[in-house]
Structures are given as structure tokens and as C-alpha cells.
Amino acid sequence: MRYIATLHVRTKPEIRDPQGEAALGALRSLGLEVTRVRTGKEIVVTFEATDEASANDAVRTMGNELLANPVIEDVEYDLVAGQPA
Amino acid sequence: MTRVALLRYPGTWSERDFQHAFAQIEGLETEILWHEDADLRGFDAAIVPGGFSYGDYVRAGAIAKISPATKALRRFADEGKPVLGSCNGFQILCEAGLLPGALIRNSGLEYRCDWVHIRTESDRTPWTAGLAGEVLRMPIGHGEGCFVADPDAVAELEATGRVVFRYVDAKGAATLEANPNGSIANIAGIRNEAGNVLGLMPHPERCVEALLGGTDGYRVLANVAKAVAPTVPAPVYR
């Protein structure tokens, strides 16, 4: 069975996000009243799994072992069964 | 003869500098090990050099974390053998969980290539014996050297004397100006609980000759020859 997981990786709220801070300054220079910017990334993984439970296990392994660093990042994901777009 | 392994991942670039640096030290021999078949048996110490392993993709050090070489390195470290990771090597050690915390983008977002002063806060590593309190001058070259960890982890590092190097000014004061990347508490290097694993952002291998601007790196690297009792070379399987 084919699954598509979309992982959203974000810097933990208490960890500094220098990229977000730089974007904050730049957005303010556009005259916008921006108070906080946090950056992250989206990772889309297409993979095979026997059922939804094992697909969920696989995505959690992807997040914990490689795609996010639990020391500094939080990860959430959406999982759908089917063909990639 | 003390045998030092230099790990080479795709994108590692400082292994030859380390080889050159160790060549200045008597009683040492080095070997560069490719990450796919890194066998650390028969080595007395291991170096994780700097560079951009796997192009820094995903995160600096993230993909190296699951390389076969890192598995071998974990066993080697568990045996209490001296391990030193510099720059990208420090990032790999943190990603692999051999050291706590993480290294994120420099607070100024700039890649910093400069000389810095670091104060040796702990001599309880094989690499810093006899250097307690010494202010060393070393080069840095990194874009992601801002050390972060949760407040409890930082407090524990401080309380247990595991902060090994701190960015300071030439007089030895840990000022904001002396911090090149925004690291918490000016932390430039830390060790593991046992003390055998050291990670630091500066490059000791790039300052082992006066001709290259400094020799303080020699003082750190030469320690390993003293710290390690040479072992019998492992049999060669061919």
C-alpha cells in the first residue's frame, strides 16, 4: 500500500530561530507590523507500508531518527493513502 | 605507536589537515577511514573532522548520524576511547547523541571565518590535560555553530564541569563580543559524561604551526599521544 506523509518540522518555541528573526526584520522594513516569525520546513515522503498502523510507525521513525532533531525541533505530520500528485 | 582514525564522510574536508597536524606529533600514526567501511578496531583514538558531510542536507550532521562509521564510532566511544569532533564533527557527535545539545544557524546568520580565543574550562578530557584555564587562539569557519540545549541540559553541563571550551576575549573574559555565533553561555566545546568524547567548533588542526598563524591546536592534539597507551596493532584481514 502506498502512503504519502507530509512532515512539518518546526524549531521548538524556546529555541532561537535566527532565520525567522532575519525575516522579521525584513518584513518590518516593508512597513508591516510583524511581531514574530518562525520558520520551518515541509518534507513530503512517498513510501510503501502494509497498513495504516505500520505507516504511522514508519513516519514516526523518519521524524525521530532523521528528518527532525528532537533536541531543537518539533514535528507533526499528515498521512494519506494513495498515489502521489 | 598511537593510532588515530580520521573518519571521512562524503563532504568531509578537514581529514587531511588533521593528518598533517598529527604528522607534527611524535609517536602518532593516522589513517583516513571511509565512512562505509570504517573499522575502528586497533585504533587508540578517533577524529570526526570538519566539512559538510552529505552537503549538510536535512541538518548539519543529520545524515552522518546514521552512517556505518557513526555506529562504529558509538561503540568506540562506549569503550572509553578518546574521540574528538571539530566543527562538522561536533555537529555529528551532537546529532548522534554522543554529546548533548545541538548546533544551529549562527545568530548573525553569517558564515564566520575568523580567529577566536577560547578558554579551557575543563582538563578532564584526554585532549585538554594540563590546559585548565589556558586561553587558546584558534580559527573557526562555520555557519551553524550556535550551541543550544534546553536550560536543564545547560545547567547540568555547567554543574558537572562538562563545558570544556568557552569563547572569550584575548584577556579571557567571556563577553558578548567574544561570542562569534550566539552560543548559549559562550560555549565553544563540551565533553560527554565519561570525558573521553570532546566536541568543539574551532579547528585545532588548522593551528599547529607558527607559519599558519598559531600553534595552540598542537597543544590539544598532542595530548592524545600522552593520554593513550599504545595498543598492539590489530591483525590485518585481507
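**View 1. A bridge between two strands of chain A.** In this predicted model, A:Leu7 has A:Tyr77 in E3(A) as its bridge partner. Strand E1 (residues 2-11) of chain A pairs with E3(A) in the antiparallel sense, over nine bridges. (Strands are DSSP runs of E with at least two residues, numbered from the N terminus; two of them pair if DSSP finds at least two bridges between them.) Residues are numbered from 1 along each chain as its sequence is written, and chains are lettered from A in the order in which they are written. Local features here need pLDDT of at least 70, side-chain atom pairs count only at pLDDT 80 or more, and totals for chains, interfaces and linings use all residues.

**View 2. The open sheet of chain A.** Three strands line up in the order E2-E1-E3, with antiparallel pairing.

**View 3. Where chains A and B touch.** Chain B brings 14 residues to the contact and chain A eleven. (Two residues are in contact if their C-beta atoms, placed from the backbone, lie within 7 Å.)

**View 4. Around B:Leu93.** Skipping its neighbours within four places in sequence, B:Leu93 is in contact with B:Val48, B:Gly85, B:Leu98, B:Leu99, B:Val197 and B:Gly199.

Note on methods:
Helices (H or I, at least four residues) and strands (E, at least two) are DSSP runs, numbered from the N terminus.
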